[in-house]
Structures are given as structure tokens and as C-alpha cells.
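Have a look at the fold first.

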Amino acid sequence: MSIPVRTALVSTAGHCKVACGFCFRADRAHAFLDTATYTRALSRLKEAAVEGVCLTGGEPTHHPQLRQLVRLTHQFGMTVSMVTSARTVAEVVVLSQVARLLANVTVSADSQGAMRLGRTTRTAASAIDTLRAISTDTKILHVTCWDLSEGECQDLVGLVSKTDVQVQFSPVVLDGRALRRDGTSVQDYRAQQQLDADMLGRHFHLSDRYWAYLDELQDLQLSANGGERWSCRSAAAYVSADGHIRRCPYGQASVSVHAPRAAIREFLTTPPQDRVIPNCAALCRPSDSPDDSGASCPAPA
């Protein structure tokens with residue numbers, strides 16, 4: 001049975017300057033999503049009863065017409081949220097200009113171990129600074145975790161306890177190629193994910209859904225080495241920067257937003273044939289909140 005599509009993750013650009021070493025983005029190009037393509041995508045998604053979109057990257061604040069993208073979404077009667085790595089003055093200024101129009105803003109950060117692994121500089125402290133500088137209904141800090149320490153978790157508790165920011169966690173997700181590159185075995189990788197979750201659990205309330213998500217990731221890692229993978233069950237669609245709709249960012253099947261209405265409607269209502277892999281499970285991760293109403297859209301980077 002097909003799961004109705006209710007939200008859409010939209011790539012506003014095919015490039016990203018952060019270039020995380022553990023990045024699992026499905027698309028890489030150099031173009032921005034143009035407004036005509038986005039308008040047509042919104043029209044077709046609205047016809048399919050999609051209720052909201054999440055703007056992601058590359059980096060959404062680099063889009064030259066970001067404010068227009070946000071306003072177009074509202075004109076179609078949809079809610080709009082954003083995932084961003086905005087840190088520079090210019091990026092934060094752009095974000096602050098649209099933040100009040102967004103249902104929620106998720107700012108991505110990395111733990112110290114994840115920064116070393118991915119060669120990034122996205123600290124939790126700088127993410128909190130970005131969130132403090134904007135005005136929006138719901139602010140979310142998303143931390144990608146690897147090799148957490150006691151002191152780092154204590155510092156994070158101190159950071160968020162002084163704010164109205166919600167916190168969302170994800171383990172680093174590495175595919176087989178990345179594991180080989182970093183000289184990490186599957187067993188050590190899974191053990192580190194468990195150690196990090198145990199460390200987080202001593203300082204934060206992790207919902208049952210988070211633990212279930214971690215188990216699912218580990219099952220998928222095993223399936224990648226010969227086990228059976230299960231079918232996609234996401235209620236979200238994905239729109240690439242070049243205007244193709246997929247049921248999964250990593251799926252092979254797609255339909256152009258310029259295709260006939262009937263073709264798009266059939267594509268969005270037909271049960272997806274894609275099989276779940278660790279990367280797409282990370283994008284379609286469950287909320288860390290026991291209540292979905294407070295959840296952010298997934299953070300792809």
C-alpha cells in the first residue's frame with residue numbers, strides 16, 4: 001500500500017561549501033533551483049495534497065532568490081521550514097530576513113569527533129549563535145555525533161539550557177566506501193554509534209524512537225553486507241535542484257516537474273519501489289521528540 005506524501009524536501013542548490021567528509025547528499029551539481037521550476041513543483045505537489053516543504057541545500061541562504069522561494073510556498077498554502085549551516089554574517093543576515101516566515105529553522109552542527117572526521121567547523125556554539133540571531137516559532141539545533149566525550153556533552157547541556165532551542169541528534173552515517181577510507185570496521189563503527197548514544201542518554205532524554213532509529217541503522221548496515229533491505233515507507237518526497245521529483249533522494253525512479261499532471265500524480269501515489277539504505281534512513285529519521293508536532297525536517301548534512 002502506498003504511503004501518502006505529505007511533505008517534500010527541496011534542494012535549493014546542487015553545491016555546498018561545507019563539503020562534510022561524511023556528507024550523504026544524493027545530488028551534486030553547480031546550479032540553483034530556479035523560481036519557475038520551483039513554482040511548477042509547488043503546483044504539482046499541492047495537487048498531490050502535500051502540506052509543507054523543507055528547504056535544504058547545498059546551503060539555502062546562498063540562493064539569490066530565497067525570500068521569493070519562501071513567499072511562493074506560502075502563496076500555495078504550504079508551510080515552509082529550513083535546514084541550514086548558516087554561520088557567516090552574510091548567511092545569518094539572509095536567514096534572519098526570512099526566519100519569521102518559517103515554521104521552524106534547523107541549524108546543523110557537528111560534535112568535535114564528527115568535525116575531525118568530516119573536516120568541518122560547524123560547532124554547536126556557533127549554531128546556537130545563529131539561532132539566537134533569528135526570530136522564528138521553532139528553533140532546532142541538529143548535532144551530528146561521533147566520538148562524544150563527557151565534557152562535550154556537559155558543555156552542550158550548558159549551551160542549550162539557557163535557550164529555547166530544541167535539540168536533535170543523529171549519529172554519523174558512513175557507507176562501506178567511507179568505512180574503508182577511514183580504516184574503520186563495521187563492528188567498530190556500530191560500537192562507536194552505541195557508545196555515543198549511551199553517552200547522550202546520560203545527559204539528554206532520548207526517546208524510544210531514537211533508540212529504534214539507531215537499531216534500524218545498524219540493521220541496515222548489516223543488510224548492506226548481504227542481508228535483506230525493506231521497502232521505502234517515507235511520507236516525504238524529494239525535489240532536486242534540477243526539478244526532478246523522487247520518493248527518495250537516493251531512488252532511481254523520478255519524474256520531472258514538467259511532466260504531465262497525470263504522470264506526476266501517478267508517480268506520487270504509486271507505492272515506491274526503492275529499498276531503504278543507511279543514507280536515506282538518515283534523511284528520513286524519526287523525530288527525537290516524543291511528539292511529532294515539534295519535529296524538524298531531517299537534516300541532510
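## Cysteines

The count of disulfides here comes to 0, taking a disulfide as a pair of cysteine sulfur atoms within 2.5 Å. Cysteine 145 is in no disulfide, and the nearest cysteine sulfur, that of cysteine 153, is 7.3 Å away. Seen from the other end, the closest cysteine sulfur to that of cysteine 153 is the one in cysteine 145, and 7.3 Å is too far for a bond. A disulfide, after all, is a covalent bond between the sulfur atoms of two cysteines.

Are these two cysteines buried or exposed? Cysteine 145 is buried, with a relative accessible area of 3%, and cysteine 153 is buried too, at 1%. Buried here means under 20% relative accessible area, exposed means over 50%, and partly exposed is in between, using a 1.4 Å probe and protein chains only.

## Ground rules

This is a predicted model, so local features need pLDDT of at least 70 and side-chain atom pairs count only at pLDDT 80 or more, while totals for chains, interfaces and linings use all residues. Residues are numbered from 1 along each chain as its sequence is written, and side-chain values use heavy atoms, with hydrogens and water left out.

## The sheet

Now for the sheet: it is open, has 9 strands with mixed pairing, and runs in the order E6-E5-E4-E3-E2-E1-E7-E8-E9. Strands (E, at least two residues) and helices (H or I, at least four) are DSSP runs, numbered from the N terminus. Two strands pair if DSSP finds at least two bridges between them.

Which strands stand at the edges? They are E6 (166-171) and E9 (255-256), each with a single partner strand, so one side of each is left without a neighbour in the sheet. As background, strands of a sheet pair through backbone hydrogen bonds, either parallel or antiparallel.

## Around E1 and E2

Strand E1 (residues 7-11) pairs with strand E7 (residues 236-239) in the parallel sense over 4 bridges, and leucine 9 has tyrosine 238 in E7 as its bridge partner. E1 is also joined to E2 by 5 bridges, again running parallel; there, serine 11 has threonine 56 of E2 as its bridge partner.

Strand E2 (residues 52-56) has 5 of its 5 residues buried, so it is largely enclosed by the rest of the structure. Both of its faces are covered, with Gly52, Cys54 and Thr56 buried on one side and Val53 and Leu55 buried on the other.

E2 runs parallel to strand E3 (residues 79-84), and 4 bridges join them. Glycine 52 stands opposite threonine 79 in E3, and cysteine 54 stands opposite serine 81. E3 is mostly covered as well, with 5 of its 6 residues buried. Moving along, E3 and strand E4 (residues 104-110) pair in the parallel sense over 3 bridges, with methionine 82 opposite valine 105 in E4.

Valine 98 is found in helix H3 and is buried, with a relative accessible area of 2%. Its C-alpha atom is separated by 8.9 Å from that of threonine 136, 38 residues apart along the chain.

## Core and aromatics

The largest nonpolar core holds 69 residues, of which Tyr38, Leu141, Phe169, Leu200 and Ile245 touch the most other members. Helix H8 (residues 186-201) gives the most to this core, with 5 residues. A nonpolar core is a set of buried Ala, Val, Leu, Ile, Met, Phe, Trp, Tyr and Cys residues joined through side-chain atoms within 4.5 Å.

Tyr210, Trp211 and Tyr213 form one aromatic cluster, and the structure holds 4 aromatic pairs. Rings of Phe, Tyr and Trp (its six-membered ring) pair if their centres lie within 6.5 Å; planes under 30 degrees apart count as stacked, over 60 as edge-to-face and the rest as tilted.
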